[in-house]
Amino acid sequence: MAINEATLINAATHANLLTIDAVNQARKVARRDRLSVIDTIGRDHRLPRAVLYQAVAEQRKLPFLTLSKLLPDDDLLQRLPATLLQRRLLLPVRDKQGQLLLAMSDPDDQVAIDTVKRVVNTPFTLALAEPISLKSVLKCELQNSAPDEEQDPIALFDELMKEAYVCNASDIHLKPEKNGLKAALRVDGKLIPYPKLLNEHEASLLINRVKVLAGLDISEQRMPQDGGFAYEISDWNLSAHELRVATLPSRWGERITLRLLGQESGALSLKQLDLNPLVLERIRKVLTYPHGMVLVTGPTGSGKSTTLYAALREIDRTEYNVLTVEDPIEQLLTDATQVQTGVKISFSEALRSFLRHDPDIILVGEIRDQETAETAMKAAMTGHLVLSTLHTNNATSAVSRLRNMNCENFMIAATVQLVIAQRLARRLCTLCRQVDDSPSPINLPVLKDAQRYKANGCPACMGTGYKGRIGLHEMFWVDDDMSRLVANGADDHEIRMAAGKNLYSLWEDALYKVSQGLTSLEEVMPFQEALHEDRPTQIGSTEVTP
């Protein structure tokens, strides 16, 4: 048994996840699209079922158990009839403190509660869990469970994609284990378990389904493969999602990771990136330059492409000829020519061809080698604005990274105008964040009079206190003095020490975002040690030279 639709919707409105008008609109749309109201709400408001069940748990003052917390009490599991557990969706669980919990999908099922009381004769506390999670655990735990129904691999993958969509996941991880497969979704930078366990048969069907869609060899299981495909969720009337797929042989079978391209960022503008206003002004100014190079650096998954696309959206692409070369194309830009690299065309080859198409602005997805770097720099020196990405730890080290690719100092100095280094931090949930009145461990002017907030947790953020992510940006802009230092071969440390107001550090931006109530001090503190620097700086000030 499961909670009825009305109870879930009532809890969602009680938790301010939905308004009455939104529910009424969802009912109309559900009839039109021939979907359930819950599916319509999940699709249109990106509310996973887990959020709705957690809202019910909060309303009833009950613990909510995710899949990872459904650890059965083996003794009681044997004493309770399997038919009762499966029909009523019940699971006896021991928490970390040793307390006995009865996980249910419907806390109003008094018949089931009374039956368990008679059988176990042991005090227990009611808890709530998703039906799909309870079914999965019971199927794995009960030896005499009913045989599996015929599984549909298309439906298996479609269910997974629906969950990834409503959770706004950036990646899907399919991890094989001894007796099946566990899936996990990366949401706001953290892995959360997919609420359903998959047995060996289901795992095989799902993996083969993904490999077929990605154009991979399903008979090859002993070497890594890469691919991609566009996927449209069945019956949801959504545009197709672009996915990048990578497989890897492991001890218990093939592991698969799927990257959902553009899932988190959408069509963001620079203004929506929550940049420091003066930093935003600096970027906009550089985008008006007739030539030069703008680099965005950071680790994989730090939002570099999002920043580049946001920059290109600032440009009137009907007035300027914009060409991009990417691997793969992550977002579509109107009035721009976008080229994807492949077997027959590389970054450097595409760049050389671009120069014969009268470009004004060129985006290079990534500078990976000397040939691409030199071709991009030559384009930047001959009347074109070039935007690209590099993998470096901070903004000033972009200079040494280009030198490692055997680029000449004079070319770096003559072309690089601005370097942006970035990371991602979790954004505080605005529905449940709390004022943080504790003494600040950092005595800096930027936090002295600022109203700080801390994470709390509610159904909307699935109890984490955070919902969404925010970029932390470091800016290094090259003026005449910095250009001379680079041309004379100064190393990263010398450049950083001499940068002064030409450098707005990542740590400064992290504190600025805390002072604006966008994230918590606890969330950004790990950057303090990792980004420690000994250059002289007014780190308490958020002012930068325009």
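What follows is a short tour of a predicted model, with something to select at each stop.

**Stop 1**

Start by selecting residues 20–33, which form helix H2, and then residues 37–45, which form helix H3. How do these two helices sit relative to each other, in angle and distance? They pack at an angle of about 110 degrees, and their axes are 9 Å apart. An angle of 65 to 115 degrees counts as roughly perpendicular, so that is the label for H2 and H3.

Now show the side chains where they touch. On the H2 side, pick Ala22, Ala26, Arg27, Val29, Ala30 and Asp33. On the H3 side, they meet Val37, Thr40, Ile41, Arg43, Asp44 and His45.

**Stop 2: the loop between them**

Stay here and click on Arg34, in the loop between H2 and H3. Its phi is near 60 degrees, a positive value in a residue other than glycine. Is Arg34 buried or exposed? Arg34 is exposed, with a relative accessible area of 79%.

**Stop 3: another positive phi**

Next, jump to Leu89, which lies in the loop between helix H6 (82–88) and strand E2 (90–94). Leu89 isn't glycine, yet its phi is positive too, near 55 degrees.

**Stop 4: a cis peptide bond**

Select Asp327 and Pro328 and zoom in on the bond joining them. This peptide bond is cis, with omega about -5 degrees. Most peptide bonds are trans. To get your bearings, Pro328 is in the loop between strand E13 (322–326) and strand E14 (337–340).

**Stop 5: an enclosed strand**

Last, select residues 416–428, which make up strand E17. How many of its 13 residues are buried? The count is 11, so E17 is largely enclosed by the rest of the structure.

Strand E12 (residues 292–297) pairs with E17 in the parallel sense, over five bridges. To find one of the pairings, look for Val294, whose bridge partner in E17 is Leu418. Strand E20 (residues 466–477) runs antiparallel to E17, and 10 bridges join the two. Here, find Ile420 and look across to Met475 in E20, which stands opposite.

Technical notes
Residues are numbered from 1 along each chain as its sequence is written. This is a predicted model: local features need pLDDT of at least 70, side-chain atom pairs count only at pLDDT 80 or more; totals for chains, interfaces and linings use all residues. Side-chain values use heavy atoms; hydrogens and water are left out. Axes are lines fitted to C-alpha atoms, for helices over the stretch in contact, and angles run from 0 to 180 degrees between N-to-C directions. Helices (H or I, at least four residues) and strands (E, at least two) are DSSP runs, numbered from the N terminus. Angles under 35 degrees count as roughly parallel, over 145 as roughly antiparallel, 65 to 115 as roughly perpendicular and the rest as oblique. Contact means heavy atoms within 4.5 Å. Buried means under 20% relative accessible area, exposed over 50%, partly exposed in between (1.4 Å probe, protein chains only). Two strands pair if DSSP finds at least two bridges between them.
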